[in-house]
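Dear colleague,

I am passing on the structure we spoke about, and below it you will find my notes on what turned up in it. Please read them with the coordinates open beside you.

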Amino acid sequence: MSLAQTAFTRQVWINEPDVPVNVMDVAQQPNSYIWLCTGNGIYRYNGKTFTRIHDTTKASNTAICASEEAVYIGYDNGQIAKVDEQETTPVTFKNGRINSSITALRMVLHNILLIATEGDGLYISINGTLLPVNSKNGLSDDFISDIALGKNMLLLTTDNGFNILSSKNGQVTVSTYNVQDGLPDIITTCIAASANASTFWIGTQKGDVAIYEDRAGKVISLKPNVSWNFGQVNDILAMSANHAWAITDNDFLLELKRNGDSVYITSRLMPVKLKKIVKDKTNNLWCATGKGLFMSTALYASSIPLPPSYKLS
C-alpha cells in the first residue's frame, strides 16, 4: 500500500457558507483562540465557532497580535485598540498618537508593544509612552512591513532592505542590510524567527527567500531547486532553522527545507488568495485569505486506508 502524501485542507467560513469575508491578518493566542482582522470586524475562533467582537473604533483594521495577556488591533488611521472581553477599547498614549496606517504589531512582555507603520517607521510603546524609531534614527526606510524578535534585538523588513535594532549603553543602534549584503531583493516583505531566535527567514517582493544568521552576522540568499514562479512572499512561518512555510501572492503554499545555501521547495496551489499564516499547537496551518480562514495540516496524512472514490482534500 502506498503512503498518502496529501495535506488535509478545508475552507472555514466565518459567517454563512460560501459567503466570503476578507481577512487582513490572523494571530494565534498561545494554547487558545485564533484572532482575525477582517473587512467585517474582529473575530475570535475557538476551532468550532466564531465570536464577533464589538469594535468601537471607527476605522478599518489592518493588523492584530495576541499573547496570553492581551490582544491588540491596529487600524488604517494609526489608532490602536485592545480587546476587553467582548469589545475593543481604544489605546491612548501619554505623549501623542500615531498618524500612519499600522502594518504589524508585536508584544514584548506585558508592557511593551511594537508598532510598525506604513510611513512613520516603528513605534515602541513602553508603559503607554511612544518611542519613535524612523529614518531620522538610521532606519533605511519608514515603511515597515514586518517585525521579528531576536535576542536583545529587533529585526524589521522594509522597502529598502531590512534593519536590526539593538540597544547599547541605553542608546538604540541600527544596522542595515541590502542587496550588497546578500539579499536577493531590496524590498523585504516578511520575516520570521526560528525557535532559538538565532536564524531568521526573510521573504521578498521579488519572491526569493533568504536567511539571516545572527551568530555569523550574515545574510544567505537561498538557491531554490525550482524556478521561482510563485510571486511575492506575503508571509513566512519558521518551524526551525532549516524548515519553514511560506505563502505567496500567486496563491501558493510553500514548504521550504533548507540545506546550507540551498532550499528545496514543495509547492501547493491553493484555491484562495493567501495573506498571512500562523500555526496552532498541533502544527496545523491557518491562513488568512480573501474569503475567510483556510486550514491545512502541516504534517501530511499518511497510511490512511480509504475506500474507492474517497480522498482527503
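**Aromatic pairs**

Phenylalanine 50 counts as buried, because its relative accessibility of 18% falls under the 20% limit used for that class. Please keep in mind throughout that this is a predicted model. The ring partner of phenylalanine 50 is tyrosine 43, and the two form an edge-to-face pair with 6.4 Å from centre to centre and 90 degrees between the planes. Tyrosine 43 is buried as well, with a relative accessible area of 3%. Ring pairs join Tyr43 and Phe50 with Tyr45 and Trp286 into a cluster, and the structure as a whole holds 10 aromatic pairs.

Another edge-to-face pair is made by phenylalanine 230 and phenylalanine 252, whose centres are 5.0 Å apart and whose planes stand at 70 degrees. Since phenylalanine 230 lies in the loop between β22 (223-224) and β23 while phenylalanine 252 belongs to strand β25, this pair ties together parts that are 22 residues apart in sequence.

**Nonpolar cores**

The largest nonpolar core has 19 residues, of which Trp201, Val209, Ile236, Leu254 and Leu256 touch the most other members. Several strands each supply at least two residues of this core, namely β18 (188-193), β20 (209-213), β23 (233-240), β24 (243-248), β25 (252-259) and β26 (262-269). If residues up to four places away in sequence are set aside, the contacts of valine 209 include Ile202, Trp228, Ile236, Leu256 and Val263.

**A four-stranded sheet**

Which order do the strands take in the open sheet of 4 strands? The order is β6-β7-β8-β9, and the pairing is antiparallel. The edges are formed by β6 (61-66) and β9 (87-90), and because each has a single partner strand, one side of each is left without a neighbour in the sheet. Neighbouring strands of this sheet are turned against each other by 30 degrees on average, with direction ignored. The antiparallel pairing of β6 with strand β7 (residues 71-75) runs over 5 bridges, and asparagine 61 has tyrosine 75 in β7 as its bridge partner.

With best regards

Key. Residues are numbered from 1 along each chain as its sequence is written. This is a predicted model: local features need pLDDT of at least 70, side-chain atom pairs count only at pLDDT 80 or more; totals for chains, interfaces and linings use all residues. Side-chain values use heavy atoms; hydrogens and water are left out. A nonpolar core is a set of buried Ala, Val, Leu, Ile, Met, Phe, Trp, Tyr and Cys residues joined through side-chain atoms within 4.5 Å. Buried means under 20% relative accessible area, exposed over 50%, partly exposed in between (1.4 Å probe, protein chains only). Contact means heavy atoms within 4.5 Å. Two strands pair if DSSP finds at least two bridges between them. Axes are lines fitted to C-alpha atoms, for helices over the stretch in contact, and angles run from 0 to 180 degrees between N-to-C directions. Rings of Phe, Tyr and Trp (its six-membered ring) pair if their centres lie within 6.5 Å; planes under 30 degrees apart count as stacked, over 60 as edge-to-face and the rest as tilted.
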